[in-house]
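Me: I am new to this structure and would be grateful for a close look at one part of it, the place where the two chains meet. Please connect that part to the residues and pairings within the chains.

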2 protein chains.
Amino acid sequence: MIKLFEYNWQVRNDWFDWCETVSREELMKQRIGGIGYILPTLYHIVAVEYGWICGGIQERLIDIPSFEEVASLQQIKDFSARCHTEVAPFVYAWDDSLEDRIMMDILDDGTQEAHPFGEVLRHVIAHEIHHIGQLSIWSREIGKEPVTANLIGRGLFRF
Amino acid sequence: MIKLFEYNWQVRNDWFDWCETVSREELMKQRIGGIGYILPTLYHIVAVEYGWICGGIQERLIDIPSFEEVASLQQIKDFSARCHTEVAPFVYAWDDSLEDRIMMDILDDGTQEAHPFGEVLRHVIAHEIHHIGQLSIWSREIGKEPVTANLIGRGLFRF
């Protein structure tokens, strides 16, 4: 589980670097599918990971800014770094005994849904990879090479 | 690890169902980014999973057909089902003692690279989710709702 989070964090930071090479106009241009814009996609990835892990599983009172409050690349990088300092300790403390612990998710209509922690963590992992796949298409539309999605070759495994 | 494979297999089959509702022309229309076409993307996902797990890790002599040999939706569904019967027993027999076992990957230039089994499995998981994210963009380009990428709510976890 931990390695897949590390992969996502590394890839996310590579995309932040990629964003530095692209105009703000391209980062905020409306596109087809997904969240519809590059920068809001990166914001969304950060907010969802933080919301599920720190708000949902840890039941902490968290403050997630709206996109408009962090609408620049630098602010979203800062938002990501801030969330990371709160998310990472939980991920690194993960052990399999937490798999079946249950969190309650309160839906918009007030009803509650129960989810095992293990399901939530995998949801968060898949969520980020999925949206990053979307960025890779938009990158090619701009005529730029996307960040590599390869997990192998990132130095995540030492042996 | 197993749950993320189950997620991928379920999503992949949902995309096969989605393909049934789309013309062959759309499935084979050239698009920007990724593998460049919907049907070859699904072929590629199957071939990569099968290649790494049955060819790479298990060191079996496997036969991966070219895309041209399985170029219809039905043939790719059959290819996926055939590979699944070979991949699934390995995935379901996974235990953490296999994490650090090493496989040798022979590169095009003849050199070899060593990879722990755990790295390969996570690579295969992330690879499929990434390409499925790309399909979701192309789906919207066609004007169709994509298959949901949500891992939560798929009934993968019983408790």
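Reply: In this predicted model, chain B can be laid on chain A with an RMSD of 0.0 Å by a turn of 180° and a shift of 0.0 Å along the axis, where copies are superposed by least squares on the C-alpha atoms of residues with pLDDT of at least 70 in both. That is the relation of a two-fold axis. Of the interface residues of chain B, 100% are also interface residues in chain A, so the copies meet through the same surface.

As the model is predicted, local features need pLDDT of at least 70 and side-chain atom pairs count only at pLDDT 80 or more, while totals for chains, interfaces and linings use all residues. Residues are numbered from 1 along each chain as its sequence is written, chains are lettered from A and ligands numbered from 1 in the order in which they are written, and side-chain values use heavy atoms, with hydrogens and water left out.

At the interface, 37 residues of chain B are in contact (heavy atoms within 4.5 Å) with 37 residues of chain A. The two chains bury about 3200 Å² between them, 76% of it on carbon and sulfur atoms; buried area is the accessible area (1.4 Å probe) that two parts lose on being put together, summed over both. Between the chains there are 6 residue pairs in polar contact (both at pLDDT 80 or more). A polar contact is a pair of N or O atoms within 3.5 Å; within protein, one must be able to donate a hydrogen and the other to accept it, and residues adjacent in sequence count only if both atoms are side-chain atoms.

The elements that give two or more residues to the side of chain B that touches chain A are α1 (2-20), β2 (112-116) and α5 (117-142) of chain B. Helices (H or I, at least four residues) and strands (E, at least two) are DSSP runs, numbered from the N terminus. The largest share of this side, 16 residues, comes from α5(B).

One residue of helix α5 of chain B is Ser136(B). Ser136(B) is buried, with a relative accessible area of 2%; buried means under 20% relative accessible area, exposed over 50%, and partly exposed in between (1.4 Å probe, protein chains only). Not counting residues up to four places away in sequence, Ser136(B) touches His130(A), Gln134(A), Trp15(B) and Pro146(B).

In chain A, helix α5 holds His127(A), which counts as buried at 13% relative accessibility. The side chains of His127(A) and His44(A) are joined by a polar contact of 2.9 Å.

A salt bridge is a side-chain nitrogen of Lys or Arg within 4 Å of a carboxyl oxygen of Asp or Glu. One of them joins Asp14(A) and Arg154(A), with the closest N and O atoms 3.0 Å apart. Asp14(A) lies in helix α1 of chain A and Arg154(A) in the segment after α5 of chain A, so the pair ties together parts that are 140 residues apart in sequence. Asp14(A) is partly exposed at 26% relative accessibility, while Arg154(A) is buried at 12%.

In chain B, Arg12(B) and Glu49(B) also meet in a salt bridge (3.2 Å, N to O), and both residues are buried.
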